[in-house]
Every structure is written in structure tokens, then in C-alpha cells.
Amino acid sequence: MKVVDPKSLQEAVILFADPANCLAYLVPRRWENGVVVCPTCGSTKVTFQEHRLRWQCSTHHPKRQFSVKVGTIFEDSPLGLDKWLPAVWLLTNCKNGVSSWELHRAIDVTQKTAWFMLHRIRMAHQGKNGGKLSGEIEADETFVGGKARNMHANVKARKITGTGGKDKAIVMGILKRGCEVRTKVISNRKRKAVQDEVREHVEAGSEVFTDALKSYEGMTEFQHQVIDHAEKYVDGKVHTNGMENFWSLLKRGLSGTYVSVERSICFDISMNRCFATTIGKT
Ligand SMILES: [Zn+2]
């Protein structure tokens with residue numbers, strides 16, 4: 001069963017009132033391809049216990065039974081996902097921020113509880129940009145912006161003054177495989193701009209996978225490996241498919257509006273997407 005993102009708070013409240021929907025929503029977002037992994041030992045040999053909505057790991061070790069909350073920001077909270085998920089929805093969809101009083105009224109928890117929830121969701125959001133990423137990293141950039149053919153003529157005349165990426169925002173993405181994506185609007189795709197981003201977010205010594213864009217050349221402090229898309233898209237673990245998938249998700253979220261994406265909005269949306277794909281990790 002595939003559960004799509006709710007379009008309104010009302011929809012979110014109704015959808016997530018059913019624990020089965022919460023699971024169907026979270027599992028594919030938390031675990032790659034929806035393959036459930038034991039949070040204690042990393043095994044994928046787990047059995048789903050339907051009546052308890054939990055899994056049991058086939059390996060004998062402590063905490064072999066786990067729910068979808070284990071290992072997430074929701075883990076040690078007695079609040080149900082029926083409260084958490086609408087709260088996450090609200091926070092990631094309200095550009096102007098959410099107060100604890102608003103959340104209190106919206107999902108029917110006390111204002112004190114709402115304050116705690118907001119705090120924790122924001123921490124999960126911000127904590128991401130704290131440390132540097134390490135391990136297997138993909139770096140890639142993309143152009144985001146309005147499609148000229150969908151614009152009104154007068155808008156087109158104003159917005160489109162060149163071809164290709166000229167009037168689009170360039171978004172840089174850095175992904176730690178299986179974990180999180182960080183995105184940022186950058187001013188150009190030259191060497192300094194892209195490499196500054198990589199250096200800011202990635203620990204030296206990490207494996208960094210990129211396409212053959214020249215701007216990535218010379219990152220000697222990383223184990224930098226290049227996949228040349230003119231030849232092939234995947235060479236063992238050398239690929240940028242994680243980023244490509246992220247961009248297509250992001251762009252699907254943006255299509256349907258002809259509005260040329262203002263730089264700041266683009267950033268917001270990619271952050272929301274980023275958040276949606278990483279709520280499983282703390
Ligand atoms: Zn296990």
C-alpha cells in the first residue's frame with residue numbers, strides 16, 4: 001500500500017488516525033525501498049507481527065522486538081504517531097512557522113505537549129546541519145525553476161532572458177547514502193561554489209561520488225570517484241542515483257505550478273522534502 005503525502009492538515013489528521021496508514025507512510029520513508037532493518041543489529045531478517053504492529057528480529061539479542069518509532073525522534077515519547085505525523089506535516093508545510101498554541105488547537109494536545117513536540121521536530125530538522133557527513137556521499141547539482149512553456153507570455157518575457165539554466169535556481173545537494181540529504185541554493189556551478197559546499201558538509205576522507213562535472217575536480221582530501229554519464233550511470237557503488245531520485249521527487253513536488261520558483265521558496269521546499277525523507281533518523 002502506498003500512502004501519499006496529505007494535502008491539508010485535515011487530511012493528515014484523518015490519514016494518520018489509522019495506525020496502519022502511519023506504518024504504510026513511514027516504512028518506505030524510513031527504510032530504503034521499504035526493507036525493514038532491525039535497529040539493533042542491522043539484520044533484514046525480521047518478521048512483522050500484524051496484531052501488534054511490531055517487528056521481531058530473527059537474531060537473538062536484547063530489544064529484538066521493535067516498532068517503527070524505535071530509532072526515530074518519536075521513540076521515547078508516549079504520544080502516538082496519530083499526533084506526531086500531523087505535527088510534522090504542519091511544521092513542514094507552514095512556511096511561516098507554527099506556534100505551540102496553534103499546534104495545541106490543531107491536533108488536540110496540551111500547549112505544553114505541543115511545545116515539546118515542536119522543539120523535538122525542530123531539533124531533528126536543525127541537528128542535521130550540525131556535524132559533517134561521512135561515509136558514502138553523493139554530491140550533485142540541479143536547476144530548479146519554472147518551465148517556460150507553462151508560463152504566460154508576459155511572464156515568460158520577463159523571466160526568461162536566456163536559455164537553459166540561466167533563469168533557474170541552482171540547487172546543490174549532498175546526500176549521505178541511506179541517511180540524509182542536505183540542499184542549498186548556490187549562485188553558480190563553478191569549482192569554488194560546489195567544492196565549498198562539499199567541504200562544508202563532508203568529512204575529509206569520506207568517499208564522494210559525483211558526475212563528471214569539471215568543477216568537482218581536485219577534491220584531493222576525499223576519496224573522490226566520478227561516474228561519467230556519457231558512458232554509464234552506475235559502476236558498482238559509483239553512481240549518483242540517490243541524488244537523482246531526490247531531484248525527481250523534488251521536481252515532482254514542484255511541477256503543476258507554472259510559478260518560477262523563487263530562490264528562497266525552492267530552498268524551503270527542498271528542505272521540507274529533505275525533512276520528509278529523514279525523519280527516521282535522529
Ligand atoms: Zn536484530
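**A tour from E136 to the zinc site**

Start by selecting E136, which at 28% relative accessibility counts as partly exposed, a class between buried (under 20% relative accessible area) and exposed (over 50%), computed with a 1.4 Å probe on protein chains only. The model is predicted, so local features need pLDDT of at least 70 and side-chain atom pairs count only at pLDDT 80 or more, while totals for chains, interfaces and linings use all residues. Residues are numbered from 1 along each chain as its sequence is written, and side-chain values use heavy atoms, with hydrogens and water left out.

K237 is itself partly exposed, at 39% relative accessible area. Then show R177, whose salt bridge with E136 has its closest N and O atoms 3.0 Å apart. To view the network of salt bridges, select E136, E138, R177, E207 and K237 together.

Now move to the zinc ion, where the protein donors are C38 (SG), C41 (SG), C57 (SG) and H61 (NE2), at 2.0 to 2.3 Å; donors are N, O and S atoms within 2.8 Å of the metal (3.2 Å for Na, K and Ca), and water is not among the atoms, so sites may look incomplete. Along the sequence, the donor residues follow the spacing C-x2-C-x15-C-x3-H. Finish by colouring C38, which is buried with a relative accessible area of 1%, and H61, which counts as buried at 18% relative accessibility.

Note on methods: A salt bridge is a side-chain nitrogen of Lys or Arg within 4 Å of a carboxyl oxygen of Asp or Glu.
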